[in-house]
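Here are a few friendly notes to read alongside the structure. Take them one at a time, and find each residue in the view as you go.

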Amino acid sequence: DWVKRMENDLRYWSDQSGNRWGISVPITIDGFNLCMQIRGNQTYYDIYDCPAELSRFLQAGVTLNIDLVEQARAAIHMDYDGGVYDYFNAGWMPGSAIPMSVDCYNLCHPDVYAEFGRSYQQQLVDHFGGGNFHIHGNGRHLLPELAKLKGCIVASIGDDGSPVKAL
């Protein structure tokens with residue numbers, strides 16, 4: 001029911017826009033962000049208590065996100081100048097790139113993202129041809145691992161949560 005509501009809302013706003021403004025897919029809910037919605041803080045224990053099950057869940061999240069983004073894009077039925085609209089940081093992204101997040105990895109060591117994040121997010125970036133990430137101030141320690149993603153086309157680095165300015 002909620003997916004149908006999403007599709008209906010996106011279709012409605014796309015039709016209403018009359019190409020005067022862009023409509024974007026919602027940010028992906030993948031990786032630990034998805035786990036935290038289902039398991040809460042237990043996700044962090046799952047790293048140690050049941051890593052194989054966690055990995056299977058993360059893989060299922062890839063499939064879920066591919067399906068949801070494709071359904072959203074079909075409902076929006078908009079593209080602009082060889083790309084798509086993006087509400088997040090860029091405003092526009094080439095091809096079919098998607099907005100993504102590493103928020104729930106911010107409290108983890110980069111090795112945790114390397115094992116339980118990057119490969120799953122890489123699959124999404126590969127499938128859609130690009131990723132647009134926002135990184136909060138308390139997640140900057142993940143940047144060396146995020147830099148290993150092929151196809152990350154935007155990384156907006158915030159100052160929130162950090163006493164040191166990003167730029």
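1. Does W13 count as buried, partly exposed or exposed? Keep in mind that this is a predicted model. With a relative accessibility of 45%, W13 counts as partly exposed, because that class lies between under 20% for buried and over 50% for exposed.

2. Now look at Y12, which is likewise partly exposed at 45% relative accessibility. The ring centres of Y12 and W13 are 5.0 Å apart and the planes meet at 80°, so this pair is edge-to-face.

3. Compare that with Y80 and Y85. Their ring centres lie 5.6 Å apart with the planes at 25°, so the pair is stacked. Y80 is partly exposed, at 46% relative accessible area, whereas Y85 counts as buried at 18%.

4. Another ring to find is that of W2. The charged end of R5 sits over this ring, 4.3 Å from its centre.

5. The largest nonpolar core has 35 residues, and F32, L58, V102 and L146 touch the most other members. Elements giving two or more residues to this core include α2 (31-39), α4 (51-76) and β3 (98-101). The most comes from α4, with eight residues.

6. Finally, which residues does L58 contact, leaving aside its neighbours within four places in sequence? They are G31, F32, C35, Y105, F116 and Y120. Some of these names return in one aromatic cluster, formed by F32, Y44, Y105, Y113 and F116.

Notes:
Residues are numbered from 1 along each chain as its sequence is written. This is a predicted model: local features need pLDDT of at least 70, side-chain atom pairs count only at pLDDT 80 or more; totals for chains, interfaces and linings use all residues. Side-chain values use heavy atoms; hydrogens and water are left out. A nonpolar core is a set of buried Ala, Val, Leu, Ile, Met, Phe, Trp, Tyr and Cys residues joined through side-chain atoms within 4.5 Å. Buried means under 20% relative accessible area, exposed over 50%, partly exposed in between (1.4 Å probe, protein chains only). Helices (H or I, at least four residues) and strands (E, at least two) are DSSP runs, numbered from the N terminus. Contact means heavy atoms within 4.5 Å. Rings of Phe, Tyr and Trp (its six-membered ring) pair if their centres lie within 6.5 Å; planes under 30 degrees apart count as stacked, over 60 as edge-to-face and the rest as tilted. A charge sits over a ring if NZ of Lys or CZ of Arg is within 6 Å of the ring centre and within 35 degrees of the ring normal.
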